[in-house]
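These are my notebook entries on a two-chain model. I set down what I looked up, entry by entry.

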Amino acid sequence: MAAAEHHEEKLTRDEARHVLRRSFSFLRPYRGSVIVATVVLVLQTACILAGPALVGYGIDAGLNKHDAGALNLAAGLYLTVALLALILGRQVVWLVSKIAETFLRDLRVEAFRHLTTLGMDFFEREKTGQLVARMTSDIDALQDLVSQGLVSMGQNALLFFGAVVAIVVLSPLLAACTLVLVPPLVWASAWFRRESNRAYLNVRDRIGVNLATLQEGLAGVRVVQAFNRERAWTRRFYDTNEAQFDAHMETVRIASKYFPAVEFTGVLGIALIIGLGGLFHDMGWGVTVGTIAAFVLYLNNLFDPIQQLSQQYNTVQSAAAGLHKVFGLLDTSTHIDERRDAVALPETGSLEVDHVSFAYGVRGEGEGQGELVLHDVSLRVAPGERLALVGPTGAGKSTLAKLLVRFYDPRDGAVRFGGVDLRDTTLRSLRERIIVVPQEGFLFAGTVRDNIRIGRPDASDDDLDKAIDALGLRERIDGLPEGLDTEVRERGSRLSAGERQLVSLVRAALADPTVLVLDEATSNLDPGTERAVEQALEHLTEGRTVVVVAHRLSTAARADRVAVVDDGQLVEIGSHDELVARGGRYAGLYASWQAGHAA
Amino acid sequence: MAARVDDERDTTNGDHERAARRAGWRLMYGTVRPQMGWLLGGIGAGIVWAGAKITVPLLAAAAIDQGIKTGDGTTTLIWVLLAVAVGVLQALGTAGRRYCAFRISLRTEADLRHRLFARLQQLHFAFHDRAQTGQLMARAVTDIQQIEPVVILIPLSIASVVQLLAVAAILFYTNWVLAVLALGALPLLNFSAQRFTRRIQPVSLHLQEELADLSGVVEESVAGVRVVKGFGAEATQREKLRHEAESVLDRSLAAARLRAGFLPLVDFLPMLSLVVILWYGGHQVLAGHMQVGQIVAFNFYIIMLIWPMRMFGMLLAQASRASAAAGRIDEILVTEPEIKDRSGARGLPEGPGELRFEGVSFGYGGGRKVLDDLDLVIRGGEAVALVGATGSGKSTIARLVPRFYDVDVGRVVLDGVDVRDVRVRDLRRSVGLVFEDTFLFSDTVRENISFADPDAPMTAVERAADLAGASGFIAALPDGYDTVVGEQGFALSGGQRQRIAIARAVLAEPRVLILDDATSSVDPTKEHEIRAALREVMTGRTTLIIAHRPATVALADRVVLLDAGRVIAEGTHEDLLARSPEYRRVLAHAADTQRDVTGELEVAG
């Protein structure tokens with residue numbers, strides 16, 4: 001089970017190649033910087049690796065031959081390469097970070113740009129949380145790699161190979177004997193990575209369960225206390241908490257085997273170098289005391305990179321998986337496109353639904369093959385008319401509203417405005433003529449002014465004032481803490497539900513559409529705000545064509561005509577009085593509603 | 001003037017913070033103390049490790065100076081074999097100290113989290129009203145994570161201090177001038193690690209904030225996609241995101257600049273020591289004051305000290321964050337539950353469930369009076385409906401009965417006893433309450449219903465579900481009573497959740513049943529099924545109903561109309577409807593703001 005999850009994070013060879021290719025295409029603009037950074041990194045590593053060789057030279061040429069000049073030369077050179085390594089090192093960290101961070105910025109901007117071009121079907125199919133994660137935590141995972149891993153990974157790889165080259169040059173024989181220890185260390189590191197990966201996946205699961213218990217115990221603490229279950233819940237948390245502890249201890253046990261083995265290998269390496277080095281020295285096989293000293297110093301450059309690379313392997317893998325998901329998003333194609341020869345919508349006209357059928361579905365894989373949500377619906381809304389859509393949840397009235405603003409295109413039939421099929425128009429003119437006002441006033445972080453101008457960023461303050469006055473909301477808006485400059489915070493959380501609705505109505509007024517599609521609010525407001533919203537709506541809808549998805553019968557009763565939608569079909573349409581008189585579906589509803597409230 | 005006030009506030013804040021840190025250290029010490037055995041074991045293993053680690057270079061130096069340089073192969077071999085033997089000790093030591101250190105820190109984490117949870121479960125409602133779940137989660141997760149690294153480092157650093165002192169002693173004994181020169185650069189390592197950790201923390205915090213802002217833009221654009229698309233605001237949002245992405249880039253580069261200053265320095269400072277050793281030490285050898293092997297040993301020791309020096313720097317920087325975090329946790333742990341048994345609290349005597357509110361005044365957190373000198377008597381077995389506008393105090397009355405809050409003035413009396421004189425467990429067992437917002441746990445339907453008594457037989461669970469009018473839809477769930485519901489389970493409608501909550505309250509067979517807006521989300525047409533069931537539940541049981549729907553209110557024997565925390569009218573539903581305009585107004589407003597078309601059509605369709 002854990003093993004299966006473990007594989008989820010891994011990419012196939014093809015996927016990895018794809019990720020690599022796409023990454024390179026993003027890096028193309030920074031080609032020059034990449035080359036410079038690589039060169040600097042190689043130079044810096046060479047400087048670090050020169051150190052032990054210089055110590056060896058100092059011992060052999062200086063100390064053993066009693067040559068103070070050679071000793072001074074070695075020390076002077078060592079100081080020089082140390083300083084160079086410092087200067088170059090700063091450049092490396094800076095250059096690599098700059099390239100990588102810029103790459104991430106480009107990726108974020110591009111992924112988001114692409115996201116905003118995708119059709120409504122995409123947003124309704126995908127879970128909000130997952131979409132946001134793709135743009136945030138998946139890219140943030142890369143941020144960790146970039147800030148901590150990338151430089152040291154490159155350096156580790158270079159250090160290891162550089163050290164191998166250095167010791168082979170110094171003494172091929174002793175180098176061969178020292179490198180014997182590398183395969184066991186590589187094997188142990190691979191074992192450690194595998195085992196600790198497995199153990200950490202388990203830890204992650206246990207943390208998830210424990211957090212869920214914690215969260216529920218806190219969110220439901222009132223119920224727990226009301227029913228005297230404090231002790232039972234504390235006990236329950238104790239169990240999940242201990243399970244997390246046990247899972248964590250397993251990782252500690254694994255590490256407690258690996259790290260001692262690594263340290264012992266280090267000591268063994270020193271013993272091997274000195275023992276065999278001494279033997280070769282006695283035999284006169286070209287091994288000097290300086291060589292032995294240099295070998296011992298190089299040992300760190302051999303062993304440390306193996307350990308670190310094996311741990312960084314995990315980071316790279318999860319980063320690649322993150323990139324893969326982001327690229328997957330970039331490769332998603334969009335539904336609602338503008339035709340090349342698209343025309344602007346006329347200023348006015350009637351809204352016409354002509355034999356429309358519709359089914360949700362995924363493009364490519366059985367598009368529109370899903371269950372029909374709308375069957376052959378036809379209706380016509382005259383300019384300035386007010387139509388209420390009534391029907392149970394899932395009957396199709398909201399879907400119909402979405403087709404009216406072209407969040408979706410119909411499977412069969414057409415939606416037209418002023419005789420022009422919505423599919424043949426520019427998206428820009430469509431959004432100018434037909435506006436949907438969702439039921440809960442949705443606000444974005446920013447000021448009230450920003451929120452109102454969202455549909456018309458170029459609108460002047462005069463335009464804003466006109467829109468506010470047209471709805472009679474001057475006092476309401478001025479009454480906000482800082483008027484139009486009030487920061488509403490995330491999702492408009494600083495305003496009340498009623499105030500959010502009012503702002504969203506001004507937003508619609510500023511956009512000044514010909515057709516308004518309203519999704520009626522269902523939340524309870526305090527009576528004062530409720531009245532303000534109703535009055536503002538009254539002003540907003542004046543002289544416009546209005547289609548309202550109604551949840552209250554009182555709203556339906558006020559419309560010019562009512563369309564009852566059920567099971568994807570238009571059941572009846574007519575004025576409130578006509579429908580009540582006809583004694584059909586609507587009349588039945590109305591009667592039972594009146595009965596329920598007269599009791 | 002204003003400045004002085006600020007100064008004073010700063011001082012009191014500073015004092016408070018220092019006190020919180022002290023409390024934090026005490027808490028950490030108190031949590032580690034029971035693990036003294038592991039701590040001593042860890043320190044012991046650490047000393048063995050340090051000793052072995054220090055000995056290896058000495059053996060290597062001896063091998064070079066006495067074996068290789070004199071050409072004595074046997075001596076070389078003996079020293080080398082000794083080094084391997086010491087290496088075994090070193091490996092065992094490192095295993096022991098790591099295991100102990102991590103065990104202590106994980107144990108500390110688990111213990112603190114458990115104590116925190118246990119305390120939070122006991123703390124009164126008023127505490128939870130003030131604290132948000134998210135903040136409490138942060139205490140239990142983020143703050144405890146701040147403490148962990150410091151606890152890990154305690155045994156590790158004690159061994160490292162031993163190591164550091166021993167190395168310094170050996171170096172000074174060998175050649176004190178060289179020792180001073182070689183070790184001179186290392187405190188800089190400690191210092192710069194400390195400085196780096198301190199400087200990078202605010203920058204990474206800032207970066208985290210910018211990342212949060214960025215994900216805020218993504219989140220709102222996805223959640224509000226209907227507005228974005230409906231108003232053609234894609235470009236506006238793209239501009240916002242670009243702006244945030246630039247801020248993230250700026251912050252990341254600020255962090256990169258700090259890293260670029262620090263990381264290469266970590267490599268450089270030890271190299272500087274090695275240069276000094278080679279040069280000055282080399283001349284000492286030429287002058288005949290030192291051996292070549294000792295130079296090699298010096299090199300070893302310097303490399304050996306790099307990690308402990310960096311670690312001390314990080315420990316110092318982390319310690320202040322950890323003590324502050326522990327202080328915040330301690331603050332919760334020392335909060336005493338306000339609602340608890342008085343000394344001499346007794347069981348609830350047998351009785352019909354008669355409730356009296358005598359001159360009760362109450363305000364949340366001692367604030368504005370929600371109940372103002374309220375007098376109300378509910379006879380045993382009587383069903384009373386509480387009706388009033390939002391904020392009139394009807395839910396508050398319900399919450400005072402099971403002592404979710406205690407009255408400020410006056411008293412609440414159940415069957416002749418002040419509720420504050422009854423054992424809390426006994427009191428709450430006798431009072432069943434269905435909350436306004438129903439909370440179900442991520443468990444099976446059966447476990448949710450039998451919440452008060454997990455050992456209740458299945459027949460009792462089924463009967464409770466019947467009484468709440470829930471058995472019908474439960475049978476239709478994928479796994480019936482074994483269906484997992486709640487946040488992570490099967491999504492129930494609001495009305496279904498409420499019916500399960502009613503069943504949960506009914507199962508405990510309470511003497512007093514309180515339904516706080518408990519049927520507001522139930523379909524109006526389904527409500528009559530529950531009404532019949534509720535009538536049966538209410539028989540012989542004192543019941544308080546808070547509701548708006550006329551049909552539900554009509555279930556009660558008597559209606560009490562509340563306004564501003566006082567009773568302004570009482571009588572039967574018909575009676576009040578006939579003579580109280582205020583009553584008609586409250587009911588009419590409630591009816592007007594209810595969803596109806598959708599709900600009823602759901603039934604019709």
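Entry 1, a strand with two parallel partners. I looked up which strands pair with β3(A) in this predicted model. Strand β3 (residues 386-390) of chain A pairs with strand β8 (residues 545-549) of chain A in the parallel sense, over 4 bridges. In that pairing I found Ala388(A) opposite Val548(A) in β8(A). β3(A) also pairs with strand β9 (residues 561-566) of chain A, again in the parallel sense and over 4 bridges. There the bridge partner of Leu389(A) is Ala563(A) in β9(A). I then asked how much of β3(A) is covered, and I noted that 4 of its 5 residues are buried.

Entry 2, an open sheet in chain B. I looked up the order of the strands and recorded β2-β1-β4-β5 (chain B), 4 strands in an open sheet with antiparallel pairing. Which strands stand at the edges? They are β2 (371-378) and β5 (417-418) of chain B; each has a single partner strand, so one side of each is left without a neighbour in the sheet. I checked one pair in detail: strand β1 (residues 355-362) of chain B and β2(B) pair in the antiparallel sense over 5 bridges. Within this pair, Phe357(B) stands opposite Leu376(B) in β2(B).

One facing pair is Val559(B) and Gly571(B), the latter in β10(B). How many residues lie between the two strands of the hairpin? There are 2 residues between β9(B) and β10(B), and Ala564(B) in the turn has a positive phi of about 50°.

After α16(A) comes Gly472(A), whose phi is positive, near 65°.

Gly24(B) lies in helix α1 (residues 2-32) of chain B. Is Gly24(B) buried or exposed? I counted it as buried, because 25 other C-beta atoms lie within 10 Å and the cut-off is 20 or more. Leaving aside residues up to four places away in sequence, I noted that Gly24(B) touches Ser323(B), Ala324(B), Ala325(B), Ala326(B), Gly327(B) and Asp330(B). I also looked up the distance to Ser320(B): it is 296 residues from Gly24(B) in sequence, and the two are 9.9 Å apart in space, C-alpha to C-alpha.

I recorded 22 helices and 10 strands in chain A. Its radius of gyration is 36 Å, well over the 25 Å that the globule rule gives for 599 residues, so chain A is more spread out than a compact globule. The C-alpha trace of chain A spans about 115 × 65 × 50 Å along its principal axes. Of its 599 residues, 43% count as buried. Among contacts in chain A between residues at least 6 apart in sequence, 80% join residues at least 24 apart.

The C-alpha atoms of chain B fill a box of roughly 115 × 65 × 65 Å along the principal axes. Buried residues make up 47% of the 605 residues in chain B.

The contact takes 124 residues from chain B and 127 residues from chain A. Helix α9 (residues 234-286) of chain B gives the most to the side of chain B that touches chain A, with 33 residues. By class, I noted 71 nonpolar, 31 polar and 22 charged residues on that side of chain B.

Terms used
Residues are numbered from 1 along each chain as its sequence is written. Chains are lettered from A and ligands numbered from 1 in the order in which they are written. This is a predicted model: local features need pLDDT of at least 70, side-chain atom pairs count only at pLDDT 80 or more; totals for chains, interfaces and linings use all residues. Two strands pair if DSSP finds at least two bridges between them. Two residues are in contact if their C-beta atoms, placed from the backbone, lie within 7 Å. Ala, Val, Leu, Ile, Met, Phe, Trp, Tyr, Cys and Pro count as nonpolar, Asp, Glu, Lys and Arg as charged, and the others, Gly among them, as polar. The radius of gyration is taken over C-alpha atoms; the globule rule is 2.2 Å times the number of residues to the power 0.38. A residue is buried if 20 or more other C-beta atoms lie within 10 Å of its own, exposed if 12 or fewer, and partly exposed in between; C-beta atoms are placed from the backbone.
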